[in-house]
Amino acid sequence: MLDSHFRKEEFKKSVKENVKMLYRKTLDEASQEQIFQAVSLAVKDVVIDNWLLTQKQYEKDDPKIVYYLSMEFLMGRALGNNLINLCAYKEVKEALDELGLDLNTIEDQEPDPALGNGGLGRLAACFLDSLATLGYCAYGCGIRYHYGLFKQKIENGYQVEVPDNWLKDGYPFELRRPEYAKEVKFGGYVRVEYDPATGRNNFIQEGYQSVRAVPYDMPIVGYNNKIVNTLRIWDAEAMNEFQLDLFDKGDYRKAVEAENLAKNICDVLYPNDNHYAGKELRLKQQYFFISASIQAAIAKFKKKHSDIHDLPKKVTFQLNDTHPTMTVAELMRILLDEEKLEWDDAWDITTHTCAYTNHTIMAEALEKWPIELFSKLLPRVYQIIEEINRRFIEEINQKYPGNQEKVRKMAIIYDGQVKMAHLAIAGGYSVNGVARLHTEILKKQELKDFYEMYPEKFNNKTNGITQRRFMVHANPLLTDWITDHIGDKWITDLPQLAKLKVYADDKKAQQEFMNIKYQNKVRLAKYILEHNGIEVDPNSIFDVQVKRLHEYKRQLMNILHVMYLYNQIKEHPERDFYPRTFIFGAKATAGYRRAKLTIKLINSVADVINNDASINGKLKVVFIENYRVSNAEIIFAAADVSEQISTASKEASGTGNMKFMLNGALTVGTMDGANVEIVEEVGEENAFIFGLSSDEVINYENNGGYDPMQYFNNDPDIRNVLMQLINGTYSNGDFEMFREIYDSLLNTNCSDRADTYFILADFKSYADAQRRVEEAYRDEAGWAKKALLNTACSGKFSSDRTIQQYVDEIWHLDKVTIED
Ligand code: GPK
């Protein structure tokens, strides 16, 4: 046990005391939700002691700080994770047992804070865990959305979005810090005023509306090291004083506007993944949290340091995609207008303080803001971006004299739009991709011109995941088994898992490993029965695709293949077919019609197949409602097969792929994103790789020549499956229900090229990979060895490794240890 505060008796007393103080109840009168609050408060008490210790140490050591700026932090539940990282999970579980309480049930009371969409938001959460565990001074900075990502209900096979009011009962792990509130200004105009004292112009924003940004802090508990870092999420409130002032002047309308502005900003997370919607409110959200975060960071820096030129030595701002790119301009604004620096000085500081991570090459994700919108909302910031752009174009012209093409492609402001990626690259000292292949594609294709201009800025940081949540918390059985075999160092040093390799051929180890997998499958089967009413057989192969629904991720190819298998079973009932359960989980952005129709297709196929007694349960299809971090933990632990089947070149990295691998699932995948590195670690013989390469895909895209019709005409299996989309097989005779999907693959009717994501091109090779899966699974010992090797070879994919690389190659932070 880490801490004397977790002496069992004391802890029990504190829980009882909290229930009394909070609710005037005894334990047996309290609801599970109330008990959750009481237990969380008892845990928070210990956390806060360490939080104070950490602050004190930082105060003393004055380490360099990274601010991880992100519109999304997909944290998942905190209670269980905090207990794991405090090394108190088992003790607390026992203590609660003795009180007649069940920790699992209590954990299930916690809302799953879903302040993110998918991979990008979850990566931010894993990074915070690793930063605290490795002892680096880091702040996550984001937005306190009142409604996180919608909850998904499935009604009649369709996705229905329900608001996620995660704050309704109060969230015990947050702390409001009004003393650190900041003013953020929107709109108005810039007045230029000559200052005789400095001989320079002053730029003064006037006629603006203000919002008060109030921070809420959440503790980020490091593993077994007493370090507690901070996730600071900002909420918007009306500026009282300002409002009063307006009332005094009788400007009631303006006061109400200002109040409304504050009310809306933090209402809701935009539910888009890999897609930019261009909404004004989103731009407001971006400036709101960036202005507040940068102001706070500068204020903190100035408390200890007198020379602002030292900023890059003590502070770095990491931009999680282009969403926080406003940082470049806001920092310039503060340095110019408030610190009164000259442009060149300010620019030098800025370009040594900001760094940018790119997470996608999908064109529709690129943020481009219309200049009318931008300049009206942020007049001073826009002015600064114009000047950055002017100087940047000058630099391009110097390097490539007379080359207008370069200017057209690279300018920050062009064609009436502000291009945020260009601003991030020009304004920062580092540009990184999130897997080796992705970074290479950035350098050779998407950002080629920028790479040629600034090769030294480009670098790769292959993503990672935290084993504390995705193994220690998610898979306690395998955690104990691993620790029994190689000790517990792997919890903070994942490459130690390689020591398991010697057990790959050991019969007993294989059996134990697969027995744990079986028990985790039973746990998932129970969850599915409770939540879907579907009975699944834990002896069948659990074949899982869980991730956001997106065409490039090709859930459609997966379900078309299921349709194909079903046809095979019906046509050849005599053939031996190893029972398989295909499990899907995915949310679709509310406005993404084709993605939502794919969910309907999956559920419709599930309906037909699951209710067909003639196939003897050989095939089951399950769509898990409301896929999120909390049920993901149960799902990864139970998977045999991990579906990572994106069109090569499109998935920047993927991180679910790593969570599956860690938990001993075998990958069926394309050579895309981090799959490439996964196969490199585990060996091609321990995965099932198929499909076009990224070069082949990119070549088709650049030169044409792909014709899906050719597959339709020449392959009766493919033709059969596609015809079933429009002959009523899965739609009670409705020929139209899935026609849009059919058309998207073959036609012509739709705006983009048919089969944009090469599903038909890859279909046969995918089916072949799946045949190899079945064959491999029949060989019990062979599969056990492969599964065990996947776990043993997953050491590279810890976010601890990723973070250490960011520290060594980009951030250059100082390591801190708590001395008490
Ligand atoms: C990338 F651009 C985006 C986005 O808007 N949202 C998002 O989740 C993901 N991502 C990539 O799609 C994944 O390949 C990657 O692993 C993840 O970001 C983290 O880098």
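In this predicted model, the shell around the ligand consists of 5 nonpolar, 8 polar and 3 charged residues. There are 16 residues around the ligand, and those that come nearest are Leu120, His359, Asn463, Glu651 and Gly654. Two domains contribute to the shell: domain 1 (62–77 + 112–367 + 425–463 + 805–811) and domain 2 (499–694 + 757–795) each supply at least three residues.

Asn463, already listed among the nearest residues, places an N or O atom of its side chain 2.8 Å from a ligand oxygen. Backbone atoms also take part: an N or O atom of the Asn274 backbone is 2.9 Å from an oxygen atom of the ligand, and a polar backbone atom of Ser653 is 3.0 Å from a ligand oxygen. On its own the ligand has 430 Å² of accessible area, of which the protein covers 95%.

The other site to look at is Asn603, which sits in helix H23 (residues 593–610). Is Asn603 buried or exposed? Its relative accessible area is 13%, and because buried means under 20%, Asn603 counts as buried. Beyond its neighbours within four places in sequence, Asn603 is in contact with Ile154, Gly157 and Phe623. As for Leu149, the C-alpha to C-alpha separation from Asn603 is 22 Å, and the two residues are 454 residues apart in sequence.

Key: Residues are numbered from 1 along each chain as its sequence is written. This is a predicted model: local features need pLDDT of at least 70, side-chain atom pairs count only at pLDDT 80 or more; totals for chains, interfaces and linings use all residues. Side-chain values use heavy atoms; hydrogens and water are left out. A residue is near a molecule or strand if one of its heavy atoms lies within 4 Å of it. A polar contact is a pair of N or O atoms within 3.5 Å; within protein, one must be able to donate a hydrogen and the other to accept it, and residues adjacent in sequence count only if both atoms are side-chain atoms. Accessible areas come from the Shrake-Rupley method with a 1.4 Å probe; for residues, only the protein chains shown count as cover. Ala, Val, Leu, Ile, Met, Phe, Trp, Tyr, Cys and Pro count as nonpolar, Asp, Glu, Lys and Arg as charged, and the others, Gly among them, as polar. Domain bounds come from an automatic or database domain assignment. Helices (H or I, at least four residues) and strands (E, at least two) are DSSP runs, numbered from the N terminus. Buried means under 20% relative accessible area, exposed over 50%, partly exposed in between (1.4 Å probe, protein chains only). Contact means heavy atoms within 4.5 Å.
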